[in-house]
Amino acid sequence: MKKFFGLFLFLYLIWLLLSGHYSLLFMALGFISCLGGVFLAHKMGLVDEEGIPAQLVPAIFRYIPWLSGTIIRSNIDVAMRILNPRLPISPEVIRVPATQRTSPGRVLYANSITLTPGTLSLELTNSDIEVHALSLQATKELQSGDMGKRVASLET
């Protein structure tokens, strides 16, 4: 029950922060929604030790700004390639190793690749991710493994 209420409280606080509605009616509806969601997750057996991964909070606060910077740089790169015909567009399909230990870690890595303009995750397996990259620069950045290492560090 402790995990149930902890997850409920966490979700309700997130709902309050993101909704911006603080009238009694909206707060009550948010309370009921969060309670219902956690109740259904509990009935499905999804509320477990990883229900509130508090150990990830510091790492997430480092990863999200880094990913945001990467997305912004990639946006600028893709826009420059569109606006300047002299910049090469050399689409390529590559495989990058997915060294993350867990399935959620590999999914986060694949989603981070897809969020970055100029790259798209095509297929995710237990050992690698097939990626379509728009340019040689995007290919080199993915093959450097920096993003994969950062995602893997979230799993510890």
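**Figure 1. Surroundings of glutamate 155 in the predicted model.** Leaving aside neighbours within four places in sequence, glutamate 155 is in contact with Gln100, Arg101, Thr102 and Gly105. The model shown here and in the other views is predicted. Glutamate 155 lies in the segment after helix α6, which covers residues 146-154. Glutamate 155 is buried and has no salt bridge. The nearest side chain of opposite charge is that of arginine 101, at 4.2 Å.

**Figure 2. Pairing of strands β1, β2 and β3.** Strand β1 (residues 92-97) runs antiparallel to strand β3 (residues 128-133), and six bridges join the two. Within this pairing, arginine 95 stands opposite glutamate 130 of β3. Strand β2 (residues 119-124) is also paired with β3 in the antiparallel sense, over five bridges. Leucine 120 has histidine 132 in β3 as its bridge partner. Three residues lie between β2 and β3, and the two strands form a hairpin.

**Figure 3. Salt bridges around arginine 95.** Five salt bridges are present in the structure. In one of them, the side chain of arginine 95 meets that of glutamate 123, with an N to O distance of 3.4 Å. This pair links distant parts of the chain, since arginine 95 belongs to strand β1 and glutamate 123 to strand β2, 28 residues apart. Arginine 95 also forms a salt bridge with aspartate 128, the closest N and O atoms being 3.2 Å apart. Here too distant parts of the chain are linked: aspartate 128 is in strand β3 and arginine 95 in strand β1, 33 residues apart. Arginine 95 has a relative accessibility of 42% and counts as partly exposed. Glutamate 123 is likewise partly exposed, with a relative accessible area of 39%. Aspartate 128, with a relative accessible area of 17%, is buried because the limit for that class is under 20%. Arg95, Glu123, Asp128 and Glu130 are linked in a network of salt bridges.

Figure 4. Arginine 150 and aspartate 146 form a salt bridge in which the closest N and O atoms are 3.4 Å apart. The two residues are four residues apart in helix α6, so about one helical turn separates them. An α-helix has 3.6 residues a turn, so residues three or four places apart point the same way. Arginine 150 is partly exposed, with a relative accessible area of 32%. Aspartate 146 is also partly exposed, at 32% relative accessibility.

Figure 5. The largest nonpolar core has 16 residues. The residues with the most contacts inside this core are Tyr63, Val96, Tyr109, Ile113, Ile129, Val131 and Met147. At least two residues of the core come from each of α3 (57-83), β1, α4 (103-115), β3 and α6. The largest share, four residues, is supplied by α3. Not counting residues up to four places away in sequence, isoleucine 113 touches Val96, Thr119, Leu120, Ser121, Ile129, Val131, Leu142 and Met147. A second, separate core contains nine residues, including Leu7, Leu16, Val38 and Ala41. In soluble globular proteins, nonpolar side chains tend to be buried together.

Figure 6. Helix α1 spans residues 2-19 and has 18 residues. The distance from its first C-alpha to its last is 25 Å, close to the 26 Å expected at 1.5 Å a residue. Phe4, Leu7, Phe8, Tyr12 and Leu16 of α1 are buried. The buried residues of α1 pack against α2, which covers residues 24-43. Glycine 20 follows α1 and has a positive phi, near 75°.

Terms used
Residues are numbered from 1 along each chain as its sequence is written. This is a predicted model: local features need pLDDT of at least 70, side-chain atom pairs count only at pLDDT 80 or more; totals for chains, interfaces and linings use all residues. Side-chain values use heavy atoms; hydrogens and water are left out. Two strands pair if DSSP finds at least two bridges between them. Buried means under 20% relative accessible area, exposed over 50%, partly exposed in between (1.4 Å probe, protein chains only). Lys and Arg count as positive and Asp and Glu as negative; His and the chain ends are not counted. A salt bridge is a side-chain nitrogen of Lys or Arg within 4 Å of a carboxyl oxygen of Asp or Glu. Contact means heavy atoms within 4.5 Å. A nonpolar core is a set of buried Ala, Val, Leu, Ile, Met, Phe, Trp, Tyr and Cys residues joined through side-chain atoms within 4.5 Å. The expected span of a helix is 1.5 Å times one less than its number of residues.
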